[in-house]
Amino acid sequence: MLKVENLVTRYGEKRILNKMSFKLDKGETISVIGESGTGKSTLGFAVLGMIGEVSENSKVEGKIEIDGFDINKLDKEDLRKLRWKKVSIVMQNIDDALNPTITVYKQIEEVLDKQENRNKKIIDILKKIDFPLNRKDAYPHQLSMGERQKILIAMAFISNPEVVVLDEPTSSLDTETKNKIIAIIKKLSENKAVILLTHDISMAKKLSNRTLVLYGGTTVEYAETKKLFKNPRHPYSRGLIRSYPDSSRTKDLQGIRGRAEFVKTGCPFYKRCTQAIDICSIKKPKLLKRNGSFIACHRGGIIPLIKMEKISKNFGKLQILNSINLTLFEGETVTILGKSGAGKTTLAKILMGLVEKDSGNIYLENKEVKRFDAEYYKKVQMVFQDTRSSLSHRMKILDIVMEPLVVQDIGTRQQRTGKAKKVLSEVQLPSSRSFLNEYPHHLSGGEIQRIVIARALMLEPKLLIADEPTSALDASVQAKILKLLNNIQENRGLAILFITHDLDLAKKVSDRIVKLENGIIS
Amino acid sequence: MHISLKNRIKKDKKAKFGIIIVCVFVLISVFGPILVKDPYHFSIDYLRLPVAGHILGTNDLGQDVFARLVYGMRASLLVAISAGFLSTAIGTIIGTLSGFIGGAFDKVMMRIVDAFLVIPAIIFIMLVAAFLKPGIMTLIILISLFHWQGGAKIIRGQTLSLKNKNHIVSSRTFGAKKPYVLMRHIIPDLGNILVVSFIYNARAAIFLEAGLAFIGIANLSTISLGIIMHNAMKFYYLPVWIWWLVPPGIALSLILLSLTFIGTLIEKIIDPRLRNA
């Protein structure tokens, strides 16, 4: 019914939509989600053939086919006829969308032009949208936001169009009204092809069966809605979902690092992506089908950072770990929950190469780890349980924080000092000379914790193993440290393997929780 | 672990005494020879009781006993420092490597240490010394070769415990190799124990050197406190012998006592449980 192929739109020099393609059949709803400015509304205007009216020096390439008509090839008069009858839109800005000088009844009537049975149709739709009939002669300013929104929806649906574009139909509405509107849209949009343009993830979840994630005018991920929200594969999709409040998720909100920027070459997201590699800045990734959904990513979506396969460990006759399988993806926090003695720390130490495993394999970025060498430790770092003892009492803060670089022989002393100062400020510690010359026993537990985290970050690892990192801290300091870890994860795409016995804490910090009991992960 | 050494010393009278005595010894050893007569100078003025010009009298060859005492103290101190350092160094190398490398190397090394522990060092040194009639340098080497084993065992034990300390494990998780961990973490952390080991080895060396010289197993042409006392014994029928025996004896006792006091102080600093004892 609706077919968009290689759609490119430009406002002047700036390319807004970049080769978008998708198809929509009768009865289907597709959500297009993305941050502000990614080109959602432009897509809406393009489908209505209104790009030329939005901006004069605009250009549209590609094909938009509605019921056999190519929108881009129609002249103004044909387009006008097509609008409302075949394709309609619910505008984003409720205040300006209605004419303040005429009643809402008349405004709906305008859509119908000179059709017969106008009154019956209007009354019909007003009933469907649950609008009080005695208020049909009200002026827009006499109505509430929700009521005005309903009128806009009525206008879009009254002439029974085949394609309806909903541009943020519920923004600025309260939850109750929003839910009512969603129910109405759901009822009205049967047998229609609906494009829902929104940044409201909960609405996309409720209304659509497929979701398209738009970034920088490019489709980065396109999949079934349920699948996408449960398991987003593109780093941007995950970032977007993570930043949206959802009562079923207990982890704190996280944003996406950096800001949306116009990128000329390469993947539009590479500057903000935490797993970008060289090619990402050079070549634009193609939208390819992987496991039933489409993803545009050179790395095939979020990469599995570390994979443990059938890890077993016995201490004498005591079995600690029995064939553990666990995969950690880039930028996610996985908590290993278990009682004391369940083998949590043993598992962490096996990952750090401090305890030898009896059997099983470890893969780092899909490569088997054969030796725990300097290269491995550049990517995997650990924060030990008893943090104070993990600092040498002889060394000053600066030397402690710089030690990983000294060991790995990276940079000159000056560069190392500079880096140490930068990382210290990242963990919200002072980098003044007097502080750098302190000894660890002069610092508080919270400061020590930050020092240890800073030290672990010096090598810019991709995985941080945190073994009960806050067990010795009071609640308020703990909260700060956890927030800090969360922010670092947002900025660096750090994967965190969090080890704790505290369920509430685990819920608060992690994307996934695995339970370790009797040597088995569940 | 950060303890103000100054405050500790201030509180500990014995340690203060020890440090003062050691300082005096060092001063005498360094500047003494400028002030006193030539201890090798013969004269016909022999077997004298103390007079002006010869504070402690003269010996059977007419040499000034006081000058010989000063030079003797110098020799004792030289033995103490050199043998103390050398035996501690051997003990450190063997102890840390055994503890750190572990495995077969550790087992072999510890059996060697055990062997050295059961061989009575004094008798062995006496046998060798009786044959070699050693000068100071040979004696230092000889003492060092038979005096590292106790320290090695203590250092090994400490290395074993340090090796699994969190901050050392941490440095391994940055990719540190064994030499780095050993040189940058383990040996500096052993610091206090090495100092104690040095002091006790030095003390033992002084005592051993004096003892060997006293019973005559040394090159008698050299000067040391033990040799002065050894010579005194030959003239026990004359009144002068007491002046040859007692001052070196007192000097020897003082230095041994001082070193013991200092050693105890540092031991207390290392082990907090001893502090109030």
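In chain A, strand β1 (residues 2-11) and β2(A) pair in the antiparallel sense over seven bridges. Strands here are DSSP runs of type E with at least two residues, helices are runs of H or I with at least four residues, and both are numbered from the N terminus. Two strands count as paired if DSSP finds at least two bridges between them.

This is a predicted model, so keep in mind that local features need pLDDT of at least 70, side-chain atom pairs count only at pLDDT 80 or more, and totals for chains, interfaces and linings use all residues. Residues are numbered from 1 along each chain as its sequence is written, while chains are lettered from A and ligands numbered from 1 in the order in which they are written.

**The sheet with β1 and β2 (chain A)**

- β1(A) and β2(A) belong to an open sheet of four strands, ordered β2-β1-β4-β5 (chain A), with antiparallel pairing.
- At its edges sit β2 (14-24) and β5 (69-70) of chain A, each of which pairs on one side only.
- Helix α1 (residues 40-47) of chain A lies across β1, β2 and β4 (58-66) of chain A, and runs at about 65° to β2(A).
- Angles like that one run from 0 to 180 degrees between N-to-C directions, and axes are lines fitted to C-alpha atoms, for helices over the stretch in contact.

**The sheet with β13 to β17 (chain A)**

- Another open sheet has four strands in the order β14-β13-β16-β17 (chain A), again with antiparallel pairing.
- β14 (318-329) and β17 (367-368) of chain A are at the edges with a single partner strand each, so one side of each has no neighbour in the sheet.
- Strand β16 (residues 359-364) of chain A pairs with β17(A) in the antiparallel sense over two bridges, and Tyr363(A) has Glu368(A) in β17(A) as its bridge partner.
- Helix α12 (residues 344-351) of chain A packs on this sheet and touches β13 (304-315), β14 and β16 of chain A, with its direction at about 60° to that of β14(A).

**A strand covered on both faces (chain A)**

- In a regular strand, side chains alternate between the two faces of the sheet.
- Strand β18 (residues 380-383) of chain A has Val380(A) and Met382(A) on one side and Gln381(A) and Val383(A) on the other, and all of them are buried.
- "Buried" means that 20 or more other C-beta atoms lie within 10 Å of a residue's own; 12 or fewer makes it exposed, anything in between partly exposed, and the C-beta atoms are placed from the backbone.
- β18(A) pairs with strand β19 (residues 463-467) of chain A in the parallel sense over four bridges, and Gln381(A) stands opposite Leu464(A) in β19(A).

**Two helices crossing (chain A)**

- The axes of helix α14 (residues 397-408) and helix α15 (residues 413-426) of chain A come within 9 Å and cross at roughly 110°.
- α14(A) and α15(A) are therefore roughly perpendicular to each other; that label covers 65 to 115 degrees, while under 35 is roughly parallel, over 145 roughly antiparallel and the rest oblique.
- Leu398(A), Val401(A), Met402(A) and Leu405(A) in α14(A) meet residues of α15(A), including Ala420(A), Val423(A) and Leu424(A).
- "Contact" means that the C-beta atoms of two residues, placed from the backbone, lie within 7 Å.

**Chain B on its own**

- Chain B comes to eleven helices and zero strands, and its C-alpha trace spans about 75 × 45 × 30 Å along its principal axes.
- Of the 277 residues in chain B, 43% are buried.
- Asn59(B) lies in the loop between α2 (13-35) and α3 of chain B, and counts as buried because it has 24 C-beta neighbours inside 10 Å.
- Leaving out residues up to four places away in sequence, Asn59(B) touches Tyr46(B), Val65(B), Asn231(B) and Trp244(B).

**Where the chains meet**

- The contact takes 16 residues from chain B and 22 residues from chain A.
- On the chain B side, the largest share, five residues, comes from α8(B).
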